[in-house]
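Subject: Structure handover

Hello,

Please find the structure below. My notes on it follow.

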Amino acid sequence: MFASRAVLVLTGLAAGVLGAQYAQSDSHQGDGFLKSFTHEAISDPTHGRVNYVDQATALAQNLTFSSGDHFVIRADHTTKLSASGPGRNSVRLQSNKKYTTHVTVWNIRHMPVGCGTWPAVWEVGDNWPNEGEIDILEGVNDVSPNQATLHTNSGCAMPASRSQTGSATGNNCDSAATNNAGCGVQEPASNSYGPAFNSAGGGWYAMERTNSFIKVWFWSRNAGNVPSDVKNGATSINTDNWGTPFAYFPSQSCNMADHFGEHNLIINLTLCGDWAGAVFGADGCPGDCVSYVNNNPSAFTDAYFDVQWLKIYQ
C-alpha cells in the first residue's frame, strides 16, 4: 500500500513538472489591442500618483497609439501637475476575454523606465485576492531584475526547493499574511527589467498556467536559447521544449483550482504608490516620489511600453 501510494505521488509530481502542447487561440498586434482590451479609467488600486484615462482620452493625448506592429501605451510626459489636482495621466488596459488554463507570450520591445515608475504585465481574477493574481513582469524605480509573483488568499505556499533558475523572495503566497508581498521569484538576468531590458531590445515573457503549476520564462532579444515557437509566435507551441523556467510555482501545497479563477490580462503603468513610492528614496531616487512626479514631466519621456505582439494559447 505504501509503495503504491509512493508511485502515485511520484507520478503526480512528474505530471506537475511537464508542460504540454497548446494551440493559438488569440493574437493581438498593433491597433488590434484596441478591440480586445479595454482602457480602465479607474482609481488606482495601488494608490499611485496616476490618473488612468479612457480610450478616447488616451488616443487623443497619444498615450495609446499604434503604427504597424508597434503598440505603445505610456504616461503623460509634458504636463506639470498641481499638488492638489489629479495624478499624471497614464494607461491601464484589461483584456475583454478571461482565461483559466492557458499560455501567454508577450513580445515587448521597450518597457517604461524612470524613477517613480511601476510598470506591470499581469493577470487577475474577480474578488481579489480570492481568485488569485499572477504577476509576470513587474518592478519599480528601474531596479533590476524582474520579479514574478503570485498573490492569493490563505492556504497557498511554495516549496523552498523547486526546479527554477530564479531566486525566491518568499514562499507564502497569502497576500494578507505577507503584507501583500505574496510569493515572488526574481529572474537571474539583469536585462530582464528596466534600462538594461530596453538596451537589449527587450525580449519575450511567457507564462503557463495549469491546475498543476504556474511557470514563467524570460528570453532577452538576442539570447541564443529562444525557442523557435516563442520567437516566431507560432500557431502551436510545446512548452516542454522551453527549458527550466525562472519561476516555477507547483501545486503541491497550493490547490491551483481553488486559488485561481478566471483571469483577465492587464498591462499598466502606475507611478509612486504602495511599492514604488515606499522605496523611492531607498532606490536612489531624489526627494519624495509624489513631488518628483508632479514637477518633472520630462522624466517620463521613456515611460512607455512598446509591445510587438501578444499570443495566447489554450
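K98 is partly exposed, with a relative accessible area of 33% (buried is under 20%, exposed over 50%, partly exposed in between; 1.4 Å probe, protein chains only). The side chain of K98 meets that of D126 in a salt bridge, 2.8 Å from N to O (a side-chain nitrogen of Lys or Arg within 4 Å of a carboxyl oxygen of Asp or Glu). D126 is also partly exposed, at 41%.

This is a predicted model, in which local features need pLDDT of at least 70 and side-chain atom pairs pLDDT 80 or more, while totals for chains, interfaces and linings use all residues. Residues are numbered from 1 along each chain as its sequence is written, and side-chain values use heavy atoms, leaving out hydrogens and water.

The salt bridge count is seven. In another of them, D76 and R88 meet at 2.6 Å, N to O. D76 is buried at 10% relative accessible area, and R88 is buried at 0%. R109 pairs with D69, with the closest N and O atoms 2.8 Å apart. R109 counts as buried at 19%, whereas D69 is partly exposed at 25%.

Regards
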